Every structure is written in structure tokens, then in C-alpha cells.
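The stops below are meant to be selected one after another.

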Amino acid sequence: MNPIQLILEPLSYAFMVRGLIAAIIVGTVCAVLGTYIVLRGMSLFGNALAHAILPGVAVGYLIGGNSQGWLFGGGLIAGILTALGIGAISKGGIKQDTAIGVMFTGMFALGIALISTVRSYTVDLTHFLFGDVLGVSNSDLWLIAIFGAIVLLTILAFYKEFLVMSFDPILAQTLRLPATFLTYLLLILIAVTIVLSLQTVGIALMSAMLVTPAASAYLLTRRLPVMMALAAVFGAVSAVSGLYLSFYVNVASGPAIVLSCTTLFILSLLLSPHKSVMLHWTGLRRRPVTHS
Amino acid sequence: MEKLKQSTSSLRPKKWPEHDLSHPILELKNISVRYNGTPALDDVSFQLQRGERVAIIGPNGAGKSTLFNVISGMHPPTRGEVNIYGNTPGEHICIAYVPQRSQADWSFPVNVADVVMMGRVGKMGLFHWPKRSDWDIVHDALDLVSMDHLASRQIGELSGGQQQRVFIARALAQEAELMLMDEPLTGLDVQSHEAIFSILDKLRERSVTILVATHDLNLAAERFDRLMLLNHRVLGLGLADEVFTPELLNQAYSGRMRLINTPNGTMFISDTCCSGGHHA
């Protein structure tokens, strides 16, 4: 088969086209939001939140079966409540790392327990954990597209405020920016993004979509708008290459997308003009501030 | 022109209070701050006039950062009143905090111009992008600190003195009238000191009031209009010879210092010099 045929063949299947569009949207939105997650050191939080939506998804599953509307709604409620809860705890002086660790594992277990009450749960649980992008229907696609657009537009609208809050929280205060509102808004955006990514990559691998493309972009540029754009490109390219890989090599699609992200990261690492970043990340150079 | 001003001011998202110049720019009345029972500041009262340059001296833990937090409106005092031109600080955005260099995230992907533009965000309002006038203010600020040629440099690639000047430029872009500077001279060589002070002189020409927390007593005595000795309470506020007396210095540093009489004068040696709690 020549290259053109290789590219076109999967596109003759409607489920592949829908899957590709969904994965590209998810890859892009996760990557742009992931820029803030990487810069603010929220990788643990992102992973924890992804796991914490499972009980909400489980309740939606028990009520509506595999209907995306119920799963989406359930996951969204659980996600927003958890995000606001963690936000509130961070202000209370409890050691954040511990609190997050306790909370998300407990919620994850609750979700699995609830799902396991259904007789034939294993296939559906696998889809929740690792994604089921080829099962995306037209209405699912609309849901993903609309919420994806909302997230991107919100980031655009509050771009400079999020920038100030992320770089210098004290400046945000002296400028009298609505800091609490903005912090919670960011947490809610992360929750929404996680829920809309559920069907594409699943809970277990979600945080990779948030962190890896942005991390790759960070290695290659020193300007924030460029970092976001590059991250979006990496996210979209990984989505496409992952799906094509899964089509031709017959591996699960969610993991294939994430492996593409990781490969791009390794390439970025090798090509990076800023090797000092690795010292920074391994903690050999002290980071002055971590905040959520 | 007046009509234009009136109509555009109603479009602005926030109405900041007019500066009533008959009041001193900063007035503290009986400010006390307690954190979990321990007193950080105890009955602090003083006034600053517009355009003054005042140094705050005191050991680590004396409450200098707490004082800055209260003045900027970031932390409400347990007791007492803070007035900026007669209003509470929370209504003003003309107060700029210039942080210690160690507090900033130098690996953040922003360049010099980006950081200075952040100072404009309060004035720009939600859902607005930087206008031509904002860029003019940013470049004017960078020009005053002699950094305009480095506007596109990533902040991690700057020297210590340059980093400090970027933060001052940001405070300028904020159109701040009161600047709180947290140990701006620590770790800078003499040449950089001179650069900073020449900037402070230019700021004085623009009637900007400056409050600097510093450990360098000699510099404080030579270069500032008034000095404040702080150790939870204001032990002295005035000129160097009024404030730098052995009794007051002893009170401030609670015995963690030595005064040595030499033929040339009195030498002052303290063992709590720099932030981070390291002893010299």
C-alpha cells in the first residue's frame, strides 16, 4: 500500500473519523490547559482529579448505562466538587500532598466498587480506565466539541489574569485581581477537560494528556504563547498518530495516543536547547514556589 | 476632552479612589498583627509623605514582611488602621510590592516585556488586551531602568541586578505611587547598587514614595531620607544619628550584635544578616 492509501484507509470508517476528531479535540484542549498544570506544578493534582471522577461516572453508569450524557454529567459533578474541595483544603493548612493522596484513592475505590455491582462490568470498567475512542457517537462528539470550545474560550478570555496568578500570586493580590474566583475557575476548567477526555483516553492515562505535550513544548521554547501553541500541536499530532498506530498495529487506542505523546517528549528532550530544564525537574535545582 | 474622559471612565471596570493629596500617602495608626497568638507587629504608627525614601531596618523575624503585607492590603491587621491617601489599601492599586529575587520563578516562560506588562493587568480590566498606550508605558518603564534593549530576553537569562530592575519596571508600569521593596540590594555588587539608587532618584523626581527593607545599615544611613528601626515595634523613626544609637540598636537586635569602638568610630557587627536564617 502506498502512503496515501495508508492515510486514507482508516478514514473510510465512520467510527475512525469520529474517533480522530474526538481525539484531536481532546489532545488540543488537554495540552493547552496542561500548560498551566506543568508551570504550576499541578501534575499530581491532575492525576488525582482524573481518578476522583470515577464515583460520579459510576453513578451515571448505574442510572443510565453507557449513555454518554449520564456518564458525562456524573463525572462533571464529581470532578467539580472534588476540585473545589481540594481548592478549599489547600487554604486550610492541611498538608496538601497527603490530603490529595487520601482523597483520590478513596474516591477511585468507591467508583470501582459501585461499578462492580453490575454483572458484566469488566468491559465497561476497562473503557472508563483506558478509553474507548472508537465508540464515540455523533452526539458524544458534539458534547466533546462544545465543552472543548468552552474551555479554550475561557482560557483565551482570562489569559492575562491566569498568567499573573501563575507567575506571581502576590502581584495578583496587589493588583486586586479576583484571585479566589480565578483559582477556582482554573480548577473547574481542569475538571471539565478531564471529563471530556474520559472517552478518548480514559482515567488511568488522562494525566499524560495533560502533562506530556505541555512538558515537551516547555523544553523547546521560552515564550508562553508559543508553548501553548506547540503543546496543542503535539497533542493533536499524538492523537492522530496514536489512532493510526492502533488501527494498523492492533493495540488499544488510548495507550497508543499516550505513547505517541511520550515519544514526542523524548524527541523534544533530545532536541532541547535548554538542557538545564532537566536539572530543574529532577529537583537538583531548587524550585522557589509550588502552588495549586 | 473632559467629556471624553467622563465617558471613558464609566467604561472602565473599576473606579479607583481619587488621591487626596492633603493626606499623607501612607499612615499607620496603632497597627497590631498577631499570627496564631504570636505578635508579629505591636502598635505600629507612623506617616510617610509623598516622595520620601525610607529604609526599614531590623533583624530577621522583626515583622518587615508582615508590615509590607499590611500596607499593601494583603493581610488585614488584627487591630489598627492603614490609610493610603486617607482610604483603606484594598481600594488602591497604586501600591506595588517589589519582591526579593529569590521569591520569583525564573524558569517561567516569559520575557522581560511580558513581566513588566503584567503590572498593567489591573488597569487593563477583564477581557481587554494590551493597547498601544499600555505598550508605551511598558517601554517607558523599561527605559527608566535602562532595560529597554533587553525587552525580549527570557527572565532566567538575566543577572541579579537586571532581575531586580525588571521588578522595579513592573512596579512603574503599575503606575504605583508607593513602592514596597523587599531587600532589593541583597546579593548585588556595588555597581548594581549604584544603578538601583540612580533609578530610585529618578523615581523620586516622579514623586514615587519608596519603602525599602534592608539589612545594610551603612547604605541605609547614607542614602535614605529617614530610617525606621523595627522589631515588632517601631523603635525609632528619623535620621541616622537619632536612630542608630547603641541603645536603640541593642533593642532592635536583642543582643545578637556587637558594637566595637574603633579609633574611626563605632563598628557594628550583627550575626543575623541575610534572609534564609543563615548565620554569618
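This is a predicted model: local features need pLDDT of at least 70, side-chain atom pairs count only at pLDDT 80 or more; totals for chains, interfaces and linings use all residues.

Residues are numbered from 1 along each chain as its sequence is written, chains are lettered from A and ligands numbered from 1 in the order in which they are written.

**Chain A.** Select chain A: 15 helices and zero strands. Helices (H or I, at least four residues) and strands (E, at least two) are DSSP runs, numbered from the N terminus. Along the principal axes, the C-alpha atoms of chain A fill a box of roughly 55 × 45 × 35 Å. The radius of gyration of chain A is 19 Å, which agrees with the value near 19 Å for a compact globule of 292 residues; it is taken over C-alpha atoms, and the globule rule is 2.2 Å times the number of residues to the power 0.38. Of the 292 residues in chain A, 47% are buried (20 or more other C-beta atoms within 10 Å of the residue's own; exposed means 12 or fewer, partly exposed in between, with C-beta atoms placed from the backbone).

**Helix 6 of chain A.** Select residues 96-115 of chain A. This helix 6 has 20 residues and reaches 29 Å from its first C-alpha to its last, close to the 28 Å expected (1.5 Å times one less than the number of residues). Now colour Ile100(A), Phe104(A), Met107(A), Phe108(A), Gly111(A) and Ile115(A), which are buried. Seen down the axis of helix 6 of chain A, its buried residues fall within an arc of 105 degrees, so they line one face; the arc is that of the directions from the helix axis to the C-beta atoms. On the other side of helix 6, Thr98(A), Val102(A) and Ala113(A) are exposed.

**Three-stranded sheet, chain B.** Move to chain B, where three strands form an open antiparallel sheet in the order 2-1-4. Strands pair if DSSP finds at least two bridges between them. At the edges are strand 2 (38-48) and strand 4 (79-84), each pairing on one side only. Strand 1 (residues 26-35) pairs with strand 4 over five bridges in the antiparallel sense. Select Leu28(B), which stands opposite Val82(B) in strand 4.

**Six-stranded sheet, chain B.** The last stop is an open sheet of six strands with mixed pairing, in the order 5-6-7-3-8-9. Its edge strands are strand 5 (95-98) and strand 9 (233-238). Strand 6 (residues 178-182) and strand 7 (residues 209-214) of chain B pair in the parallel sense over five bridges. Finish on Met179(B), opposite Ile210(B) in strand 7.
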